[in-house]
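Please work through the exercises below with the sequence and the model side by side, trying each task before reading its solution.

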Amino acid sequence: MYNPSYVTIARAIGAPDAADDLLDDGNITVRKKALRLLLQYIALSCDYNEDYYLQNNDDIAEAYEAGQGTDLRKHYREHGFFEGRKAAKVDFDEDWYLKTYADVAASVAEGDFSSGLAHFLARGEIEMRSPNERADAWVQAWAESFSHQDTETV
């Protein structure tokens with residue numbers, strides 16, 4: 001996969017040449033095709049387990065077994081990521097999650113969810129909750145970057 005330099009990307013999308021200038025809360029406009037490519041690059045960094053991907057996506061497994069696709073990682077990068085499919089089991093720490101999110105622990109105790117993992121899969125990820133302590137700093141960084149978005153600028 002070819003990756004243009006930061007400066008090449010920055011100039012193409014109208015961002016500052018100096019990466020440090022991206023630390024403020026300003027907005028830039030990105031063409032949808034460029035955004036999709038950037039997101040595909042992010043998808044490459046996601047945990048990926050081919051067996052898990054096949055076992056948890058029956059339609060993909062059927063197509064794969066029928067010879068309709070041979071590069072499952074490419075399918076995930078170009079389609080599955082955008083469809084919300086998981087490419088590997090979530091590294092989830094039940095004890096940490098319930099200790100960190102008292103409201104979730106209460107919901108589990110009340111029977112609203114069977115476990116912290118059930119909550120995370122149904123709502124927690126969308127709510128920008130961390131699945132484990134190791135991921136917390138990254139999840140918080142993503143949450144912070146999204147919290148200042150001007151939703152009219154895409």
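The model is predicted, so local features need pLDDT of at least 70 and side-chain atom pairs count only at pLDDT 80 or more, while totals for chains, interfaces and linings use all residues. Residues are numbered from 1 along each chain as its sequence is written, and side-chain values use heavy atoms, with hydrogens and water left out.

**Exercise 1. Overall fold**

Task: Describe the secondary structure, the dimensions and the burial of the protein chain.

Solution: Begin with the secondary structure, where helices (H or I, at least four residues) and strands (E, at least two) are DSSP runs numbered from the N terminus. The protein chain contains nine helices and zero strands, which gives the pattern α-α-α-α-α-α-α-α-α when read along the sequence. Next, take the dimensions: the C-alpha trace spans about 50 × 45 × 25 Å along its principal axes. For burial, a residue is called buried under 20% relative accessible area, exposed over 50%, and partly exposed in between (1.4 Å probe, protein chains only). By this scale, buried residues make up 23% of the 154 residues in the chain. Finally, consider contacts, defined as heavy atoms within 4.5 Å: among those with a separation of 6 or more, 53% are between residues 24 or more positions apart.

**Exercise 2. Salt bridges**

Task: State how many salt bridges a search of the whole structure finds, and examine the pairs of D59 with R85, R77 with E78, and R129 with D103.

Solution: The criterion is a side-chain nitrogen of Lys or Arg within 4 Å of a carboxyl oxygen of Asp or Glu, and with it the search of the whole structure finds seven salt bridges. In one of them, the side chains of D59 and R85 meet at 2.7 Å, N to O. D59 lies in helix α4 (residues 58–65) and R85 in the loop between α5 (72–80) and α6 (94–100), so this pair ties together parts that are 26 residues apart in sequence. D59 is partly exposed because its relative accessible area is 43%, whereas R85, at 18%, counts as buried.

Turn next to R77 and E78, whose closest N and O atoms are 3.4 Å apart. Here R77 is buried, with a relative accessible area of 16%, and E78 is partly exposed at 23%.

The side chains of R129 and D103 also meet in a salt bridge, at 2.7 Å, N to O. This pair links distant parts of the chain, with R129 in the loop between α8 (116–124) and α9 (136–147) and D103 in helix α7 (residues 102–109), 26 residues apart. R129 is buried, with a relative accessible area of 15%, while D103 is partly exposed at 44%.
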